[in-house]
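I opened my notebook for a friendly walk through a fold. Here is what I looked up, entry by entry.

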Amino acid sequence: MEYTFSDKISNLQPSAIREILKATADPEIIPLAAGNPAPDAFPVEEVQKIASDILAANPVGALQYGVTEGYQPLRDTVAKWMKDKENIGRDFDSVLITSGATQIMDLVTKVLCNEGDTVICEEPSFIGSLNCFRSYGCKLKGVPVEADGMDIDALEKTLSETDNAKFIYTIPNFQNPSGATMSLEKRKRLYALAKKYGVIILEDNPYGDLRVTGENVATIKSMDEDGIVVYAGSFSKILAPGIRVAYCVAPQAITAKMTVGKQAEDVHTPMLNQMIVYEWFKNYDVNAHIKKIQDIYRKKLSLMCDLIDEELGDFVEYVRPEGGLFVWCKLPDSVNMLDFVRRAVEKKVAVVPGTAFLCDDKADTQYIRLNFSTPADDGIVRGIKALAELSKEY
């Protein structure tokens, strides 16, 4: 049978990251292309005990249907945590629990955008979100990312030239893939521009707790007195991505529509998973765990960047990030980036081509993304040394 697919899905390409990760099924491949938390960052024993206790004490509650908005004790916990830690949450806001942060991007697009509307994105930006926006028939307009975050002058120009921009998508902390952190001044200017032009801000902050150096910067959502910021947070990077629990803090009028949209997708986030997260907060020192994983990533980031300086310092350009999971490296203009990526795989090293993160996936770039959280330390060493050997061939 010949299959005919919808226009929305026919034009979507598989995630370059996921395609490259297929190569990592080979145990000899060093996975500098992934974005998985380090294995020793998981609180495995705590989760085992929590799950066992829940299934012993309240198995029906854990296995039954729940409300779409989320497990109320967890919603209350998230609301308090966000208020205490980030000064997030106003009287007009509410919390929605979702099945991973990507579902937030999906629901926001579903409720705010019609086909042909424009989403303004940082460029480069996270491929998962870009493909989500594309799947709803949105047009993407990219705004360059500088060392201190989005180019705000370019953003203002884009807003002034765009009649149907529905929201601005930003990852202000340790941006994926660039690793850049948006300055406080730029966050304030971004908020002011969104207010001026009547555009929502979608603030995606999955890496905010992974700061390993420097000072915390106030979230854009903490500035929101006008109900124009939707905040996306996740437990994937501090607890476990496989649990698929994330949270959205947004004006209640928006979360109400997102709730209706979620009912058509998965009804609700799995109850057992939500209960695990709630009990983790209730019975364990979450801040101590975050400090532990910060220590892990501080060491791994320093190891990778020091090796890049030693082995690739004359070949690539990059800005050392203050946290997150990624290092964004620019190859020389004389090097064919895609050829470099292919030849890296031949040398048993997987990296992500920078084209995966562009609003126009047919555009060119000299960048590649490296991940330091997934491989073991010896894998980082071997991987960078292998890339250094490859660089000599150019």
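**Entry 1**

By buried I mean under 20% relative accessible area, with exposed over 50% and partly exposed in between (1.4 Å probe, protein chains only). My helices (H or I, at least four residues) and strands (E, at least two) are DSSP runs, numbered from the N terminus.

A note on what I am reading: this is a predicted model, in which local features need pLDDT of at least 70 and side-chain atom pairs count only at pLDDT 80 or more, while totals for chains, interfaces and linings use all residues. Residues are numbered from 1 along each chain as its sequence is written, and side-chain values use heavy atoms, with hydrogens and water left out.

Which strand pairs with strand 10 (residues 326–330) over five bridges? I found strand 13, running in the antiparallel sense; I take two strands as paired if DSSP finds at least two bridges between them. F326 has N371 of strand 13 as its bridge partner, and V327 has L370. Strand 13 (residues 367–371) also has four of its five residues buried, so it too is largely enclosed by the rest of the structure.

Strand 13 has another antiparallel link, with two bridges to strand 12 (residues 352–353). There I noted P353, whose bridge partner in strand 13 is I368.

Next I traced an open sheet of eight strands, and its order is 2-9-8-7-6-3-4-5 with mixed pairing. Strand 2 (93–98) and strand 5 (149–150) stand at the edges with a single partner strand each, so one side of each has no neighbour in the sheet. As a reminder to myself, strands of a sheet pair through backbone hydrogen bonds, either parallel or antiparallel.

How do strand 6 (residues 165–170) and strand 7 (residues 200–204) run, parallel or antiparallel? They run parallel, joined by four bridges. In this pair I168 stands opposite I201 of strand 7.

I then looked at what packs on the sheet. Helix 5 (residues 72–86) does, touching strand 2, strand 8 (229–234) and strand 9 (246–251), and its direction makes about 125° with that of strand 2. For contact I use heavy atoms within 4.5 Å. Helix 6 packs on the sheet as well, touching strand 2, strand 6, strand 7, strand 8 and strand 9, with its direction at about 155° to that of strand 8. The axes are lines fitted to C-alpha atoms, for helices over the stretch in contact, and the angles run from 0 to 180 degrees between N-to-C directions.

**Entry 1: helix 6 and its helix neighbours**

I followed helix 6 (residues 101–112) to helix 7 (residues 127–135), and they pack at an angle of about 25° with axes 9 Å apart. Helix 6 and helix 7 are therefore roughly parallel; my classes are under 35 degrees for roughly parallel, over 145 for roughly antiparallel, 65 to 115 for roughly perpendicular, and oblique for the rest. M105, D106 and T109 of helix 6 make the contact with S129, C132 and F133 of helix 7. I sorted these residues by class into three nonpolar, two polar and one charged. Here Ala, Val, Leu, Ile, Met, Phe, Trp, Tyr, Cys and Pro count as nonpolar, Asp, Glu, Lys and Arg as charged, and the others, Gly among them, as polar.

I listed Q103, I104, L107, V108, K110 and V111 from helix 6, and K257, M258, G261 and K262 from helix 10, as the residues in contact. They divide into five nonpolar, two polar and three charged.

**Entry 2: backbone points to revisit**

I found a cis peptide bond between E123 and P124, with omega about 10°. P124 sits in the loop between strand 3 (118–123) and helix 7. The bond from N176 to P177 is also cis, with omega near 20°, and P177 lies in the loop between strand 6 and helix 9 (184–197).

Where is R244 found? I located R244 in the loop between strand 8 and strand 9. Its phi is near 55°, a positive value in a residue other than glycine, and at 34% relative accessibility R244 counts as partly exposed.
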